[in-house]
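Hi everyone, thanks for coming. Today I'd like to walk you through one structure, starting with charged side chains and then moving on to rings. Please have a look at it first.

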Amino acid sequence: MKVFSGAATAINKISALFSIVSAICLFAMAGLTFVDVFMRYFLSRPITGSQEFVEFMMIFTIYGGLPYATSKWLLLSVEALTQKFRPLARKTLTTFFTLLCMLASGAMCAKVFEHFRYYAANPLLRSSILKWPYWPFYLFTSMALALMTIEMLVLLVKRVNEIRTTGRPIPEKEVRGGE
């Protein structure tokens, strides 16, 4: 279990680095948008390619933050629904949905990696204004999705271990006195 704990810590640190990249890109997008709007409306000279730059930075902002959000269990949950279940049922349901999300994330990672390979093999395919190659963005996205998938695997192992050590729920008849 120590090896797993060490690996989980390393993965969390990598996720934290991805979130820093995400935050930097978000700050850069906000700053560039502000300057572009100022220059467009007050100086009548917009920044060439700013919209395309913001679109590319959005990739880093969104996908860079997902692994960290996953590691901190900051993903969407419907509290009104999950609070109706008993703790063990809630943990089991959460574990099941984590497994489904992990499989979906892994499938998306594989598909995005295919796109990366396609664009890396065709370097002449570039963005229309800035002429940036597409492959680095697909590579980052596939790496972020892979990291998110690994984070979900870590959460899944922790959840299963938690359920396993909690034990099975006591049957309702025994709780009520054996009707």
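Let's begin with a term: a salt bridge is a side-chain nitrogen of Lys or Arg within 4 Å of a carboxyl oxygen of Asp or Glu. Side chains of opposite charge can pair when their charged atoms come close.

Before we count, a word on the ground rules. This is a predicted model, where local features need pLDDT of at least 70 and side-chain atom pairs count only at pLDDT 80 or more, while totals for chains, interfaces and linings use all residues. Residues are numbered from 1 along each chain as its sequence is written, and side-chain values use heavy atoms, with hydrogens and water left out.

So, how many salt bridges are there by this rule? The count is two.

One of them joins the side chains of Asp36 and Arg40, at 2.8 Å from N to O. Both residues sit in helix H1, residues 2-42, and they are four residues apart, about one turn of the helix. By helix I mean a DSSP run of H or I with at least four residues, numbered from the N terminus. Are these two buried or exposed? Here buried means under 20% relative accessible area, exposed means over 50%, and partly exposed is in between, using a 1.4 Å probe and protein chains only. Asp36 is buried, at 9%, whereas Arg40 is partly exposed, at 37%.

Another salt bridge links Glu114 and Lys111, at 3.5 Å from N to O. Glu114 is partly exposed at 47%, and Lys111 is partly exposed at 46%. Lys111 also has its C-alpha atom 8.3 Å from that of Ser142, which is 31 residues away along the chain.

Now look for a charged residue without a partner. Glu151, in helix H5, is buried yet has no salt bridge, and the nearest side chain of opposite charge, Lys158, is 6.9 Å away. For charge, Lys and Arg count as positive and Asp and Glu as negative, while His and the chain ends are not counted. What does Glu151 contact, leaving aside neighbours within four places in sequence? It is in contact with Ile11, Asn12, Ser15, Pro67, Thr70 and Ser71, where contact means heavy atoms within 4.5 Å.

Finally, the rings. Rings of Phe, Tyr and Trp (its six-membered ring) pair if their centres lie within 6.5 Å; planes under 30 degrees apart count as stacked, over 60 as edge-to-face and the rest as tilted. The structure holds 15 aromatic pairs. In one of them, Tyr118 and Tyr119 have ring centres 5.2 Å apart and planes at 75°, so the pair is edge-to-face. Tyr119 is buried, at 17%, while Tyr118 is partly exposed, at 47%.

Tyr119 also pairs with Tyr138: the centres are 5.0 Å apart and the planes are at 15°, so this pair is stacked. Because Tyr119 lies in helix H4 and Tyr138 in helix H5, residues 135-166, the pair ties together parts that are 19 residues apart in sequence. Tyr138 is partly exposed, at 25%. Tyr118, Tyr119 and Tyr138 are among the members of one aromatic cluster, which also includes Phe18, Trp132 and Phe140.

Technical notes
Helices (H or I, at least four residues) and strands (E, at least two) are DSSP runs, numbered from the N terminus.
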